[in-house]
Amino acid sequence: MELVRGRKISGGTAEGLALVSHDPISFFGGVNPDSGVVTEKGHELEGTTVKDRVLIFPRGKGSTVGSYTLYRMKKNGVAPRAIINVECEPIVAVGAIISDIPALDRLEKNPLTIFQTGKKLKVDADRSLVEVSD
Amino acid sequence: MHLTNVEEKMLAGEEGYAVQKNMQILTALGDIFGADKMIPVSSVQVAGVSYYNLGDAGLEYLETLANKGAKVRVKTTLNPAGMDMENWRELGIDEEFARKQEQVIRAFVQMGITPSCTCTPYLVGNEPSRGDHIAWSESSAVTYANSVLGAMTNREGGPSALAAAITGLTPSYGMHIEANRKPQVHVKIDTRLAAVPDYGALGYAVGKKIGPKIPLFEGITHAQVEQLKSLCASIATYGGTALFHTQETYQEKEIPPETITITRADIEGALRALNDEAARVDFVALGCPHCTLDEIKTIADLLEGKKVTREFWICTARQTMKEAEEMGYAQRIRAAGAKFACDTCMAVAPLKGRFNVLATDSAKACYYGRGTNDFKTRIGSVEECVSAAVTGNWS
């Protein structure tokens with residue numbers, strides 16, 4: 001078991017399978033709030049659902065309305081279980097907080113390279129930790 | 001970030017769910033941007049009001065906050081909604097959209113927010129003073145507040161502005177710190193700027209050249225509110241800056257070493273870039289940002305004795321329209337067949353698919369006309385726009 005430290009953006013704990021995107025994500029207009037499927041044309045995750053995953057991506061982009069989209073996804077049961085950003089920005093930070101989705105950023109190692117899609121992760125945002133199962 | 005005892009208690013939930021959630025938002029943002037403390041704000045402008053942009057997601061969040069007892073603690077006004085709140089039928093808005101939009105406004109009103117529904121709060125009584133710390137969203141109003149009024153605000157998003165209203169606080173970083181407000185590029189304007197579209201074109205040209213850097217303009221003197229609000233909207237849209245200085249407002253001696261010059265060719269180039277090939281227009285919209293009373297008077301004078309043949313919207317705050325009624329301008333405009341679109345505008349109303357070619361005097365309206373609604377755009381003076389509304393031709 002490996003522990004990686006980060007910075008807490010939104011509290012809580014969650015466990016799930018990693019889904020890694022090297023592209024930034026725009027939740028408003030880029031993700032379907034009813035299905036959780038990424039719809040942005042040409043996006044690395046186009047056609048993939050983020051539902052119940054530990055979603056790992058560089059940062060959010062686009063309209064601040066994206067915070068509300070995350071909230072809607074949570075209400076619809078299609079939100080990611082946790083979020084790990086390289087560097088969080090206000091859209092994702094606000095969205096995670098109002099939706100009670102644990103979120104971390106600024107990990108001691110680059111999350112885009114140390115975590116692979118499908119790997120089981122436990123995010124303990126209250127202790128600013130990510131736990132990688134063996 | 002250092003929090004006072006009172007702020008710690010707000011964060012711990014002692015003042016209820018709404019205050020706690022919104023304190024969490026502000027402390028997270030403060031940490032992200034390296035703020036060392038919270039500061040009180042005296043005024044808030046909340047964007048994210050149109051149901052067209054909010055959708056059910058935003059509506060649900062706002063209703064949850066309102067139902068959990070969220071109340072604003074400072075003067076708070078609203079950005080435009082997706083429709084005229086009284087006259088939506090005449091503007092072609094469908095019933096279901098109208099009902100959802102009314103729910104959005106009700107949630108805001110329940111929180112104690114004034115449903116001003118305008119992007120020009122400074123024209124309808126939310127006018128902060130020089131040095132005031134405020135938390136505004138709506139990029140054109142942010143730039144106006146910082147640059148023309150001398151108040152201090154970051155470019156807030158809808159949710160962070162609402163959080164500031166509910167807590168009365170904002171994290172201290174960016175534009176709230178004097179040292180971050182110094183000009184970074186000296187912009188010499190080597191041409192005479194005439195009507196409103198020239199100021200929009202200036203914002204486009206400078207925004208494209210310097211991005212979010214803070215300009216110090218040399219060559220803007222005695223500009224009117226109408227010209228300044230157009231410049232603010234355009235430079236914020238195309239560049240992203242929250243602040244500019246002019247030689248009239250800038251008191252310091254320090255001039256930034258980086259210098260650019262804007263010539264007539266730059267202005268003409270920007271106007272060409274904002275004009276699509278289209279000889280006929282089917283939609284004319286003025287008031288981005290919302291029209292002042294003077295602009296409405298000009299439109300009324302130009303429409304005297306004429307009839308419009310194209311859908312023609314004059315976007316303005318309801319309060320300004322009422323003043324125009326008292327002056328008799330509004331009646332003359334309606335007699336010519338033009339419509340007031342109060343509480344809303346051509347950028348946030350659900351217009352996609354209804355029109356093909358938009359004529360306007362606003363560089364910002366061109367951006368949203370193209371990006372959100374797939375319109376072709378024509379930009380020109382108010383005279384050209386009124387003429388297009390009458391004849392349908394762009395000459």
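How many bridges join strand β1 of chain A to strand β8 of chain A? The legends below start there; the model is a predicted one.

**View 1**
Four bridges join strand β1 (residues 2–5) of chain A to strand β8 (residues 129–132) of chain A. The two strands run antiparallel. Within this pairing, A:Val4 stands opposite A:Val130. β8(A) also pairs with strand β7 (residues 120–124) of chain A, again in the antiparallel sense and over four bridges. Here A:Lys122 has A:Glu131 as its bridge partner. β7(A) and β8(A) form a hairpin, with four residues between them. In the turn, A:Ser128 has a positive phi of about 60 degrees.

**View 1. Where chain B meets chain A.**
The contact involves 18 residues of chain B and 18 residues of chain A. On the chain B side, three helices each supply at least two residues: α2 (17–32), α3 (51–67) and α6 (158–167). α3(B) gives the largest share, seven residues. By class, the side of chain B that touches chain A has eight nonpolar, seven polar and three charged residues.

**View 2. B:Tyr51 in helix α3 of chain B.**
B:Tyr51 is found in helix α3 of chain B. Is this residue buried or exposed? B:Tyr51 counts as buried, because 24 C-beta neighbours lie inside 10 Å and the cut-off is 20 or more. Leaving aside neighbours within four places in sequence, B:Tyr51 is in contact with B:Leu59, B:Gly82, B:Phe97, B:Lys100, B:Gln101 and B:Val104. B:Ala270 is 219 residues apart from B:Tyr51 along the chain, and 32 Å separate their C-alpha atoms.

**View 3. The domains of chain B.**
Chain B is divided into domain 1 (5–178), domain 2 (182–273) and domain 3 (276–391). The centres of domain 1 and domain 2 of chain B are separated by 28 Å, taken over C-alpha atoms. Their contact takes twelve residues from domain 1 of chain B and eleven residues from domain 2 of chain B. On the domain 1 side, four of the residues are nonpolar, seven are polar and one is charged.

**View 4. The open sheet of chain B.**
Five strands of chain B form an open sheet in the order β12-β11-β10-β13-β14, and the pairing is parallel. β12 (339–342) and β14 (376–379) of chain B stand at the edges. Each has a single partner strand, so one side of each is left without a neighbour in the sheet. Neighbouring strands are turned by 25 degrees against each other on average, direction ignored. Inside the sheet, β10 (residues 283–286) and β13 (residues 357–360) of chain B pair over two bridges. B:Phe283 has B:Leu358 in β13(B) as its bridge partner. Helix α13 (residues 363–371) of chain B packs on the sheet and touches β10, β13 and β14 of chain B. The direction of α13(B) makes about 170 degrees with that of β14(B).

**View 5. Helix α10 of chain B and its two sides.**
Which residues of helix α10 (residues 293–303) of chain B are buried? They are B:Glu295, B:Ile296, B:Ile299, B:Ala300 and B:Leu303. Seen down the axis of α10(B), these residues fall within an arc of 140 degrees, so they line one face of the helix. The face turned away from the buried side carries the exposed residues B:Asp294 and B:Asp301. The buried residues of α10(B) pack against several elements of chain B, including α8 (225–238), β10, β11 (311–316) and α14 (382–391). Just after α10(B), B:Gly305 takes a positive phi of about 75 degrees.

B:Pro289 has its place in the loop between β10 and α10 of chain B. The peptide bond from B:Cys288 to B:Pro289 is cis, with omega near -10 degrees. B:Glu138 is found in the loop between β4 (135–136) and α5 (139–149) of chain B. Phi of B:Glu138 is near 80 degrees, a positive value in a residue other than glycine. B:Glu138 counts as buried, with 29 C-beta neighbours inside 10 Å. B:Asp343 is found in the loop between β12 and β13 of chain B. Phi of B:Asp343 is also positive, near 65 degrees. B:Asp343 has 32 C-beta neighbours inside 10 Å, so B:Asp343 counts as buried.

Methods
Residues are numbered from 1 along each chain as its sequence is written. Chains are lettered from A and ligands numbered from 1 in the order in which they are written. This is a predicted model: local features need pLDDT of at least 70, side-chain atom pairs count only at pLDDT 80 or more; totals for chains, interfaces and linings use all residues. Domain bounds come from an automatic or database domain assignment. Two residues are in contact if their C-beta atoms, placed from the backbone, lie within 7 Å. Ala, Val, Leu, Ile, Met, Phe, Trp, Tyr, Cys and Pro count as nonpolar, Asp, Glu, Lys and Arg as charged, and the others, Gly among them, as polar. Two strands pair if DSSP finds at least two bridges between them. Axes are lines fitted to C-alpha atoms, for helices over the stretch in contact, and angles run from 0 to 180 degrees between N-to-C directions. A residue is buried if 20 or more other C-beta atoms lie within 10 Å of its own, exposed if 12 or fewer, and partly exposed in between; C-beta atoms are placed from the backbone. The arc is that of the directions from the helix axis to the C-beta atoms.
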